[in-house]
Amino acid sequence: MSRQSKDRAYDIVLFGATGFVGVLTARYLAAHAPDGLRWAVAGRDTGKLERLRDRLAADHPTCAKLPLVHADVADTASLRELADSARVVASTVGPYLTYGQELVAACAEAGTDYVDLTGEPEFVDLMYVRHDARARETGARLVHTCGFDSVPHDLGVYFTVKQLPEGVPLRVDGFVRTNARFSGGTFASALNQFGRGPQMMAAAKERGRHEPRPADRRAYAPPGAPRYAAEVGAWALPLPTIDPQVVQRSARALERYGPDFRYRHYAAVRTLPMALGAPLAVGGLVAAAQLPPVRRWLSARLKPGDGPSEAQRAAARFSVRFVGEGGGRRVFTEVSGGDPGYDETARMLGESALCLALDDLPQAGGQLTPAVAMGDALLRRLTEAGLTFRVAAVR
């Protein structure tokens with residue numbers, strides 16, 4: 001039975017609302033949910049949910065009666081009830097490979113739209129293989145990577161492509177700058193991924209056996225090589241994140257990206273010593289993550305639920321500069337905002353959930369990227385919410 005034919009108690013349920021990013025997202029929804037939106041917070045600890053509601057109500061009195069939903073990742077029945085009760089479920093419960101699989105399954109089965117913050121390629125690939133087909137049948141839109149991974153990059157490329165000619169080969173490079181700090185949950189997810197190289201490759205291959213590709217167009221995202229990028233005045237280091245994969249999937253799904261599309265994704269580093277040292281540091285962390293005792297010790301240094309202070313978040317910034325070329329036109333665009341991992345991520349997830357719940361979108365189901373699922377509607381929402389998308393130059 002599709003979501004359109006079922007009555008739901010809530011428009012949006014935020015699952016994992018008492019975690020670090022969950023609290024920020026709950027605050028965002030409390031401040032920005034339109035009148036009449038039926039939303040609730042969910043988690044396994046009712047006491048923590050009650051305390052969160054009290055904190056929200058102190059600033060937003062209408063939250064005094066905010067519904068609380070008990071749901072536990074260890075209780076599959078509670079996740080099914082959660083999915084059945086909502087039009088959209090937004091999840092901040094990571095690492096998603098450990099805690100997120102049953103909720104995706106429940107949403108796919110119930111025809112419930114789902115958004116999360118994952119940056120875990122293995123999780124996304126497994127969810128595609130296991131639940132895309134059922135989600136297409138029920139109409140559930142499963143939209144992963146709706147935080148800093150990968151909204152600025154996916155929608156930033158989407159915005160850039162719209163500035164370029166149609167029907168011609170296009171080339172886009174993205175250069176990321178940020179001074180933000182990790183939270184415990186983000187660090188735990190990264191360590192988990194670093195320790196699962198073979199499993200990640202196996203999941204990607206399995207997805208490749210199931211996922212169709214357009215026969216008459218090409219879209220690819222090679223890693224690129226380290227280089228000095230004069231176009232942005234920085235050293236460019238290839239970023240091994242999920243973002244290029246997400247951009248590539250959007251390009252394969254949307255004809256506007258042209259007949260031959262390429263995207264490369266970099267970290268922009270201003271000094272040569274940093275450019276030389278960063279790969280060594282990441283390589284050392286990857287090597288350490290292969291040893292379970294070391295991985296557990298590292299995880300204990302920054303636990304899920306821990307995160308930077310409000311002052312640290314207030315000082316954090318990010319920008320992603322895109323250089324796009326095609327049909328004799330070259331454009332420079334930029335996406336920028338504040339603290340990417342927390343305040344802006346809460347904004348991105350909150351607006352993604354509101355977009356799915358309230359906006360007029362294509363009624364496609366299955367696993368979709370942010371650009372494919374929400375495109376112009378989410379771009380408009382994020383711009384109105386304060387994220388900057390701009391054309392810096394045209395040549």
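This briefing covers the sheet, the helices around it and the nonpolar cores. The model is predicted. An open sheet of 7 strands pairs in the parallel sense. The largest nonpolar core holds 99 residues. A second, separate core has 9 residues.

**The sheet**
- The strand order is S3-S2-S1-S4-S5-S6-S14.
- Strand S3 (68-70) and strand S14 (366-368) stand at the edges. Each has a single partner strand, so one side of each is left without a neighbour in the sheet.
- Neighbouring strands are turned by 20 degrees against each other on average, direction ignored.
- Strand S2 (residues 39-43) pairs with S3 over 3 bridges, in the parallel sense.
- Within this part of the sheet, Gly43 stands opposite His70 in S3.

**Helices on the sheet**
- Helix H6 packs on the sheet and touches strand S5 (113-116), strand S6 (141-143) and S14. The direction of H6 makes about 135 degrees with that of S14.
- Helix H14 lies across strand S1 (10-15), strand S4 (86-91), S5 and S6. H14 runs at about 165 degrees to S4.
- Helix H5 (residues 101-110) has these buried residues: Leu103, Val104, Ala106, Cys107, Ala108 and Ala110. They pack against S1, S4, S5 and S6, and also against helix H3 (76-85) and H6.

**The H6 and H9 pair**
- Helix H6 (residues 121-138) packs with helix H9 (residues 197-210) at an angle of about 30 degrees. Their axes are 9 Å apart.
- The crossing of H6 past H9 is left-handed.
- On the H6 side, the residues in contact are Pro121, Glu122, Val124, Asp125, Leu126, Tyr128 and Val129. They meet Gln199, Met200, Ala203, Ala204, Glu206, Arg207 and His210 in H9.
- By class, this contact has 8 nonpolar, 2 polar and 4 charged residues.

- In soluble globular proteins, nonpolar side chains tend to be buried together.
- In the largest core, Phe15, Trp39, Leu82, Val157, Phe261 and Met374 touch the most other members.
- Helix H14 (residues 343-358) gives the largest share of this core, with 8 residues.
- Not counting residues up to four places away in sequence, Trp39 touches Tyr10, Ile12, Ala26, Leu29, Ala30, Ala33, Leu56, Cys63, Leu66 and Pro67.
- The second core includes Val232, Ala236, Tyr266 and Val323.

Note on methods
Residues numbered from 1 in each chain as written. Predicted model: local features only at pLDDT ≥ 70, side-chain atom pairs only at ≥ 80, totals over all residues. Heavy atoms only, no water. Core = buried A, V, L, I, M, F, W, Y, C linked by side-chain atoms within 4.5 Å. Buried < 20%, exposed > 50% of the residue type's maximum accessible area, 1.4 Å probe, protein only. Helix = DSSP H or I, 4+ residues; strand = E, 2+ residues; numbered from the N terminus. Contact = heavy atoms within 4.5 Å. Axes fitted to C-alpha atoms, helices over the stretch in contact; angles between N-to-C directions. Left-handed = near helix turned anticlockwise from the far one by under 90°. Nonpolar A, V, L, I, M, F, W, Y, C, P; charged D, E, K, R; others polar. Pairing = 2+ DSSP bridges.
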